[in-house]
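Here are a few notes to read with the model open beside you.

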Amino acid sequence: MRRRLLRDGILLRSIVVTILAFILVGVATIAYTAHAARIQAETQSRVHLEQLLDTVESTLRVACFVKDVQLAREVALGLLSNTEILRVTIHEGSFILADIQRPGNRGSTDVAGSLVRSINSPFIEGDVIGRIRLTPDPEVIERRIRDDIIGQALQLAWQLALIAGAIVVTLLAFVIHPISAMSRNLHAMDPTAGDRLQKPPGHARTEIGNLVDDVNALAGSLVQALEKEQALRLQGEMDERRYHAIFDNAESGIFIVDRAGRLTSWNPAFARLLGISGDAARRLSELPWAAPEEIAGLIEAAFTNRQPVSIDARLQPPGRPRFWLKLVLSPVGSDILQGVAHDVSALKEAEAAARRQALSDPLTGLANRASLEQQLGQRIRQHHLQPGRGFTLLHIDLDKFRLITEGVGVTAGDEILRAIAGRLGATVKSEDTLARLSADVFAVLLQDLDDDGHIDKVIERIMNSLRQPYLVDGSPIQLTASIGITLFPSDGGDAPSLLRNAELACDKAKLAGGNQAAFFDATLAEAAEQRRHLENDLRQAVAQRQFSLYYQPIADLARHRIAGAEALIRWHHPERGLVPPDQFIPVVEQSGLINEIGLWVLDSACRQLAEWQAAGRPHYLSINVSGRQIPDGLPPQAVAAAIARHGIAPERLALEITEGILLGDIGVARAWLLAVQQLGVRLYLDDFGTGYSSLSYLKRFPLDTLKIDRSFVQDMQAESSDHSLVEAIVAMARSLRLRVVAEGVESAAQLQMLEAMGCHYAQGYHLSRPVPAADFAEVVAGIDRRLAG
């Protein structure tokens, strides 16, 4: 190991590289030194020769001027005494005065470094009379250069050797040794056991220390990667086992399909769903599908679109009932599809049942309004595609069915509705459509029937069938119906128009007394349009406070004076003038404005009572309450708040209700009445005798007063049936400790008869019409005088 480190280690390589580098540097330095020494030697030699010539120049001038050969020779020999000079040549013009060379020297005398100087006349400066050539000895110069180079080379060599040694020692101490130690420790280190390299001493912040940090960080990263890889491998093994468990035990069918549509594998659930046995490969589209081409197209779509596709497909296996599977195919790779199959038969049956329920009436099984609208739309589209005969739509509304239901109960009412559905089905053809639109409203779509004569016959059969008695608990009940008739295409071009117009025609039949049929005509639509305009005007009237209260006095027959009044709303239309209540109250109730207007009436009546109370007038005031206001439109809390706000005595306020309120939810109506009575407010039952007039109302509900309808009073004469009926109502009320108010008093005779019967109160035109609040005091004073007289 040590030998290998010495042979291949960084130390040997560093030493070799350092020596080679120093050798190269030394050679280059010596070469440069030799060149510099040569130049320096030549320069020094030339300077020396120049100095020699300067010493003999005056002698040379004389020798050349007089052409003294002997003198010239002596000068030459004197110059040759200098070892640096090899040869001296003195010329006087073209004549050579002296040419002497150092004896014993066989080298060339043609030296490039020879020095030639001109000799001037001693008397005339600038007059050249000769020249002298000094040739230096090259051996002497070379020897001097060699000695200089050797000396400098030796000096450079030991300097480089010292530097190289220092570098090697430095590398060994600060680089080689720490790296060797790191290498030894790295071979012995186990990163997974938490081992890490220690930084060599003195290298906490050096590159070697940073290298140790990098090695440790890399070791940590490798350990984390190994741990993650091991975790992933274990997770993969667990996922694979889990997948196989899911694949084998899943309730949904799982399968693999190749590009050719062949099933290459499937789980037991898929085999059970499709009745597959054995391992033989087969095509998915060859299974007993109701539409195999859909399956082939699904496979092709999955490969083409490269995204999951699904379909609900029906299977028709031999010997088994048909069922539905939802197939989902997802691409896995370029030539494989993974499929999942769910049995969705129950869902399909539920959806079909929901569709049937959405389009049928749960009570009678007939089509509902949505279904009828669909069929009307289909018939209209068919008529446009293939013009032919039209059709007829009948709107059938049972007369006063709600009252009957209240009398016999909801369960019996449902039985009657089912019987009506059966009778209607027996009176029309099988291709005709029957529908139940609401509680007691039916519709009949008569196919290809638009002849009035034939329509009349069908309607006669329907009405005769509906008039037949219905047995409830052994008791016969007879019903009638009002029928509205619309014809397509003359009475409407779409389903909503036909339904609306048929309802308008039915309303016309009801207003005529019921138990009859009416064809739609344009005037009904015009009336409906006028009603819509009236509703818009009413909304503006509410916003602009166009209403006011009129007051009709009510006389106390025992005391012969006015006891109170009934508040009656009036509408001051900006264009139509004063509009009576019977023209707008029905629209107010149906449009939902009754709640807002009712609260305004309550507040206005309480304000008027407060004014009478402040003026010392002990009158009470009654206001009419619609059934649509109970219980949420006029909650007892609102009544209590109005009484408290105006500071009136609650017993001076009376609320008049009709029988319609009592025909709804009995529990809700009774709770509302009890809450109002607990406030101290009086409760009147208005229009008694015109409705169902059940005595159970008087026993079941907390009422204070009955108001006999004007239809019994205004024509009342002595010994008449109306007289007997009114007398009976008064007697019954007194026996139940209820007060009675007779409406519609038209004459003094009627007033006397009512007083004789023991009727408590009376109101009518004989006393006064409804008057504004400003006129009420004067009118009351006049009535009191008449009653007292």
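1. Let us start with a single residue. Gln-101 is partly exposed, as its relative accessible area is 30%; here buried means under 20% relative accessible area, exposed over 50%, and partly exposed in between, with a 1.4 Å probe and protein chains only. Gln-101 belongs to strand 2, residues 95–101. Between Gln-101 and Ile-145 there are 44 residues in sequence and 23 Å in space, C-alpha to C-alpha.

2. A word on the ground rules. This is a predicted model, in which local features need pLDDT of at least 70 and side-chain atom pairs count only at pLDDT 80 or more, while totals for chains, interfaces and linings use all residues. Residues are numbered from 1 along each chain as its sequence is written, and side-chain values use heavy atoms, with hydrogens and water left out. Helices (H or I, at least four residues) and strands (E, at least two) are DSSP runs, numbered from the N terminus.

3. Next, the salt bridges. A search of the whole structure gives 21 of them, a salt bridge being a side-chain nitrogen of Lys or Arg within 4 Å of a carboxyl oxygen of Asp or Glu. In general, side chains of opposite charge can pair when their charged atoms come close.

4. Which residue does Lys-510 form a salt bridge with? The partner is Asp-399, and the closest N and O atoms are 2.9 Å apart. This pair links distant parts of the chain, 111 residues apart: Lys-510 sits in helix 13, and Asp-399 in the loop between strand 11 (391–398) and helix 10 (401–408). Lys-510 counts as partly exposed at 29% relative accessibility, whereas Asp-399 counts as buried at 12%.

5. Asp-521 is partly exposed at 24% relative accessibility, and Lys-508 is partly exposed at 35%.

6. While you are at helix 13 (residues 495–511), look at Asn-501, which is found there. Is Asn-501 buried or exposed? Asn-501 counts as buried, because its relative accessibility is 5%. Setting aside neighbours within four places in sequence, Asn-501 is in contact (heavy atoms within 4.5 Å) with Thr-486, Asp-491 and Phe-520.

7. An α-helix has 3.6 residues a turn, so residues three or four places apart point the same way. Glu-535 is partly exposed at 25% relative accessible area, and Arg-539 is partly exposed at 39%. Elsewhere, a network of salt bridges links Glu-50, Asp-54, Glu-57, Arg-61, Arg-117 and Glu-125.

8. After helix 17 comes Gly-647, with a positive phi near 65 degrees.

9. Six strands form an open sheet in the order 7-6-5-10-9-8, with antiparallel pairing; two strands pair if DSSP finds at least two bridges between them. Its edge strands, strand 7 (282–283) and strand 8 (309–315), each pair on one side only. Strand 6 (residues 262–266) and strand 7 run antiparallel and are joined by two bridges. Arg-282 in strand 7 is the bridge partner of Leu-263.
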